[in-house]
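Please consult the sequence and the structure shown here alongside the text.

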Amino acid sequence: MTAALDALERLREGNRRFVLELGNRQTPTDRDRRSELLQGQKPFAIILGCSDSRVPAEIVFDQGLGDLFVIRIAGNIVAPSQIGSVEFAAEQFGTPLVVVLGHSQCGAVAATLQEAIRPEGLQSKHLRSIVERIRPAVEPLLATDLRHHPEELAKQAVRANVRIAASHLRHGSEILERLIQQNKLTVVGAEYSLESGIVDFFDGV
């Protein structure tokens, strides 16, 4: 647990530098670091984030080569390949922290809301496979008064999607469950604000 808390603080501190535009000049990305990493890697955090080009994890957390094990997919959804990737990093490298990183104005979440409110038949079966994994997060919200407030609905949907993805990682894998029970792994959820650059850790912290 201590290792996970230390990793979380490193991410928070890195995000502070990013927001304040301080930039960590000690972040190793040079030739020596590349040579060092030829011997292996030991990332201190796993980031399961969205593919959105505005949310590159290494930049928003001000980290260098070999620091983060990053998995990116539209809507930061959790499917078997993502679970397998997290299992690999957690077991192979002993990485103690997983962050499911959503973000404001997520296009995949918006597409899911649009499809749930006004089904139009998505053109691509592949896009539908993403939407169907986000749908369980947004449908309960549509049964509340939020359906009359589109902006707030979109905000809450992003966070609900992160919570469901984090829960899926905690309870959808025997390997991850075992590591969590042994206090060797912690899974948290966070949201990156496109507007401010701030990452808010709000789930499982």
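## Basis of the model

The model is predicted, and local features require pLDDT of at least 70, side-chain atom pairs count only at pLDDT 80 or more, and totals for chains, interfaces and linings use all residues. Residues are numbered from 1 along each chain as its sequence is written, and side-chain values use heavy atoms, with hydrogens and water left out.

## Aromatic pairs

Across the whole structure, five aromatic pairs are found. Rings of Phe, Tyr and Trp (its six-membered ring) are paired if their centres lie within 6.5 Å; planes under 30 degrees apart are stacked, those over 60 edge-to-face, and the rest tilted. Phe-69 and Phe-88 make a tilted pair, because their ring centres are 6.2 Å apart and their planes stand at 45 degrees. Since Phe-69 belongs to strand S2 and Phe-88 to helix H4 (residues 80-93), this pair ties together parts 19 residues apart in sequence. Helices (H or I, at least four residues) and strands (E, at least two) are DSSP runs, numbered from the N terminus.

Phe-69 also pairs with Phe-93, again in a tilted arrangement, with 6.1 Å from centre to centre and 50 degrees between the planes. Phe-93 lies in helix H4 and Phe-69 in strand S2, so the pair ties together parts 24 residues apart in sequence. Phe-69 is buried at 17% relative accessible area, as is Phe-93 at 11%, whereas Phe-88 is partly exposed at 43%. Here, buried denotes under 20% relative accessible area, exposed over 50%, and partly exposed in between (1.4 Å probe, protein chains only).

## Charges over rings

Arg-10 lies over the face of Phe-44, 3.7 Å from the ring centre. The charged end of Arg-159 sits over the ring of Phe-202, at 4.2 Å from its centre. The criterion is that NZ of Lys or CZ of Arg be within 6 Å of the ring centre and within 35 degrees of the ring normal.

Strand S4 (residues 186-192) pairs with S5 in the antiparallel sense over four bridges; pairing requires at least two DSSP bridges between the strands. Gly-189 has Asp-203 in S5 as its bridge partner. Six residues separate the two strands of the hairpin, in which Gly-197 takes a positive phi near 85 degrees. Strand S5 (residues 199-203) is mostly covered, with four of its five residues buried.

## Cavity and pocket

On a 1 Å grid over the protein atoms alone, a cavity is a set of points where a 1.4 Å probe fits but cannot get out; a pocket is an open set with protein on both sides within 12 Å along at least five of seven lines, and lining residues have an atom within 4 Å of a point. The structure holds one cavity of 30 Å³ or more. Strand S1 (45-49) and strand S2 (68-72) each supply at least two residues of the lining of the largest cavity. Residues in this lining include Ile-47, Val-70 and Leu-101.

The largest pocket has a volume of about 160 Å³. Helix H5 (107-117) and helix H7 (150-171) each contribute at least two residues to its lining, and H7 provides the largest share, four residues. Among the lining residues are Cys-106, Leu-113, Lys-155 and Glu-191.

Technical notes:
Grid points are joined across faces, edges and corners, and a volume is the space filled by probe spheres set on the points.
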